[in-house]
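Hello,

Here is the structure we talked about passing on. My notes on it follow below.

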Amino acid sequence: MADAWKTYAFEFAGGLVSNLSPLQHGVKLPGSARILKNFEPSINGGYRRIEGFTKLSSSFVPAYDEPLVHGSAQTGTTLVIANIYSTPVEGGTFTIAGVAGTYTIATGGVSYDSSYKRATLTLTTSLASSPADKAAVTFTSHVGTVLGVAYWSSRAIACRNGSIYSSTGSAWTKISKPSYGTVLVNGAGQTGASLAMDGLTVAPRIGDTFSVAGIEKVYTVTANATLASGGATVAINPNLASSPADNAAVTWLSLDRSNAQRIRTTKYRIGTTEKIAGVDGYNYPFIFDGTTFSEVTGIADVEGAEFVVFHKNQLFFAVGHSLIFTAPYTDTDLTAANGSGIISVGAKITGLIVFRDILVIFTERTISQLTGNTISDFVLQPVTRNVGCISSDTIQEIGGDLIFLGADGLRLFGLTDRVGDFNLGLVSKPIQTEMTDLISSCTSFSSVVIKQKSQYRLLGFNTNTKAASSRGIIGTQMTSDNTSNISWAELVGFKAYVADSYYDNKIETVLFANTDGYVYQMESGNTLDGSDIIASFATPFVFMEDARIRKTMYKLFLYTDPQGSVSVNTNLKFDFDTVGSVQPSLITLSNVTSSVGIYGTSVAKYGTTTYGTKLKKLFETQVIGSGFSVSLQFTSESTDPPFSLDAATLEYSTHDRR
């Protein structure tokens, strides 16, 4: 005879665990998860369905700089454009200011000159009319990798094909333009392949482009100029279309920052000025203060720097195995006599981060720390020669410790009770299978910290993986005094090549971008840019007292914390869902809010909605089925607001032992 009904309670906590056997998992951690995708372990308890993401701007980051028509009177199916810093794609489409229609580049119709930043295009249709010289060419195709994103000073910064743009949520504005002063033609009657200029504050470099008032075409600098008393004779291509007037204005259009690799930035303040500095692994570092864009050049060779941080009131750049720093309280002075210097680390640097009062330097196999305040007392000390960082953009600070991706998974770098000693524990052991799969399937990684959730997100990237299938890892620090207590989950549908998060004045902004040209904002909206959020959670298989006694299920009570409508599909899975085992049908638990007013949402309608009505938080449902072990499985595919699954109870009876 069956016993009286009993109650088994699940408190949903502990996150994803995959390194225990099914029996151990169900016995030791019944409230943890064997599946946890797009549910995040919440610091407020339970597992919360993630928030979505939306486009920061409906405009994509421009793909080809700011191209201009190169010379008037062009007709037919051939068009020459200038001020373009990468090769246009066959089949790409564009419009021309002042000319009707949209034009398509024909197959085999691209001839690009990287030296002079010009392209000759063959079109599938003839030009409707002759465009004006220097008419704007606007490409409508947007496929191409965004190489870097950052949020700074209430604006997003993004890099594509070497050019750098900013946006406050509307259109993108190019900021990587030369700041060379008020430049004028120095002398009338000039012809040929050079132009004398004055009013220069910085010497023009190879690949920079400019136009001259009163004459046609766009000109490209063909040799680094030498500045003398604010003047220079600049080698150019093509030859001057005509002789400019004396003191004709020279308008600088673009810096040559082509061949850029991944962009990494640091945000800092010198004096009262907020600035952002960036490096791209190929060009000179840049600095932007909200108005002026400039490059860092000097005696020390910082060209090609891959990492940059602001530490001890000076900028530190990583170039290969060298650590190069500016003079104290400066971000451009690379003069040794003023306190600039170079330190060799002995291996290629894979990451830099400021941690408390030290600078931590990662290579693939080592970690070092730089202590001291200036060149006079800087000391480079090894932390470990057996552990390193294999992916530069995974290093973040969370809860007072550092987290980074090593060869075997995610590790913490934190201080211990011993002075000068560090903990380097492997914290991703509970999800070692998922970590191994992620490392092997992705070609690169990015990461962000969401401070308001005490959360670290590792985002995997592979060009060949579709956005909907892209994977990542969520780690939530559950207690403030024990950073190793991290609960894990999987993230699906976030394709991120680069990412950045910024917390300022209680507002947190999280950005990412990939290969489609757009910049996206995480923690925004209830969809994945319009697509449903697909989330799933399954408890371990629990045995309820005795693993060898069959149980019959009768009722399920699910405790939730909704913010609006909730629709969750629920399954009871018995006996490890093995082949031949009978499984009950799916049950849908729905919290309909058609008559409940959620302020600020589209479902609220005057005269129809009842404000002040409480949302249903406890779902009660009859269930059927029997088995030796049982797992609760929940799936959600919707555009509902986030909701938390806090706990559940099952009412059941046991049978006699057989």
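Subject: strands, rings and a few side chains

Strand S40 (residues 471–477) pairs with S41 in the antiparallel sense, over seven bridges. Across this pairing, Ile474 stands opposite Ala489 in S41. Strand S41 (residues 486–492) is mostly covered, with six of its seven residues buried. Please keep in mind throughout that this is a predicted model.

Another sheet is an open one of four strands, in the order S26-S27-S28-S29 and with antiparallel pairing. Its edges are strand S26 (307–311) and strand S29 (341–344); each has a single partner strand, so one side of each is left without a neighbour in the sheet. On average, neighbouring strands of this sheet are turned by 20 degrees against each other, direction ignored. Within the sheet, strand S27 (residues 314–319) and strand S28 (residues 322–325) run antiparallel and are joined by four bridges. Phe316 stands opposite Phe325 in S28.

Next, the aromatic rings. A pair of aromatic rings is described by the distance of the centres and the angle of the planes. With ring centres required to lie within 6.5 Å, the count comes to 35 aromatic pairs. One of them is Phe12 with Tyr47: the ring centres are 6.2 Å apart and the planes are at 15 degrees, so the pair is stacked, given that planes under 30 degrees apart count as stacked. Phe12 lies in the loop between strand S1 (6–11) and helix H1 (22–28), while Tyr47 is in strand S4 (residues 47–49), so this pair ties together parts that are 35 residues apart in sequence.

Tyr518 and Tyr520 make a tilted aromatic pair, at 6.5 Å centre to centre and with 55 degrees between the planes. Tyr518 counts as buried at 13% relative accessibility, and Tyr520 counts as buried at 6%.

Phe12 and Tyr47 also belong to an aromatic cluster, which is formed by Tyr8, Phe10, Phe12, Phe39, Tyr47, Phe537, Phe634 and Phe643.

Two arginines sit over rings. The charged end of Arg262 is over the ring of Tyr497, 4.2 Å from its centre. Arg550 lies over the face of Phe628, at 4.8 Å from the ring centre.

Thr209 has 0% relative accessibility and so counts as buried. Which side chains does the side chain of Thr209 meet in polar contacts? One is the side chain of Asn83, at 2.7 Å, and another is the side chain of Tyr85, at 3.4 Å. Leaving out residues up to four places away in sequence, Thr209 touches Asn83, Tyr85, Lys117, Val218, Tyr219, Thr220, Thr251, Trp252, Leu253 and Ser254.

Ser211 counts as buried because its relative accessibility is 10%, and buried means under 20%. With residues up to four places away in sequence again not counted, Ser211 touches Lys134, Lys217, Ala249, Val250, Thr251 and Leu253. Thr251 and Leu253 are among the residues touched by Thr209 and among those touched by Ser211.

Regards

Key:
Residues are numbered from 1 along each chain as its sequence is written. This is a predicted model: local features need pLDDT of at least 70, side-chain atom pairs count only at pLDDT 80 or more; totals for chains, interfaces and linings use all residues. Side-chain values use heavy atoms; hydrogens and water are left out. Rings of Phe, Tyr and Trp (its six-membered ring) pair if their centres lie within 6.5 Å; planes under 30 degrees apart count as stacked, over 60 as edge-to-face and the rest as tilted. Helices (H or I, at least four residues) and strands (E, at least two) are DSSP runs, numbered from the N terminus. Buried means under 20% relative accessible area, exposed over 50%, partly exposed in between (1.4 Å probe, protein chains only). A charge sits over a ring if NZ of Lys or CZ of Arg is within 6 Å of the ring centre and within 35 degrees of the ring normal. Contact means heavy atoms within 4.5 Å. Two strands pair if DSSP finds at least two bridges between them. Axes are lines fitted to C-alpha atoms, for helices over the stretch in contact, and angles run from 0 to 180 degrees between N-to-C directions. A polar contact is a pair of N or O atoms within 3.5 Å; within protein, one must be able to donate a hydrogen and the other to accept it, and residues adjacent in sequence count only if both atoms are side-chain atoms.
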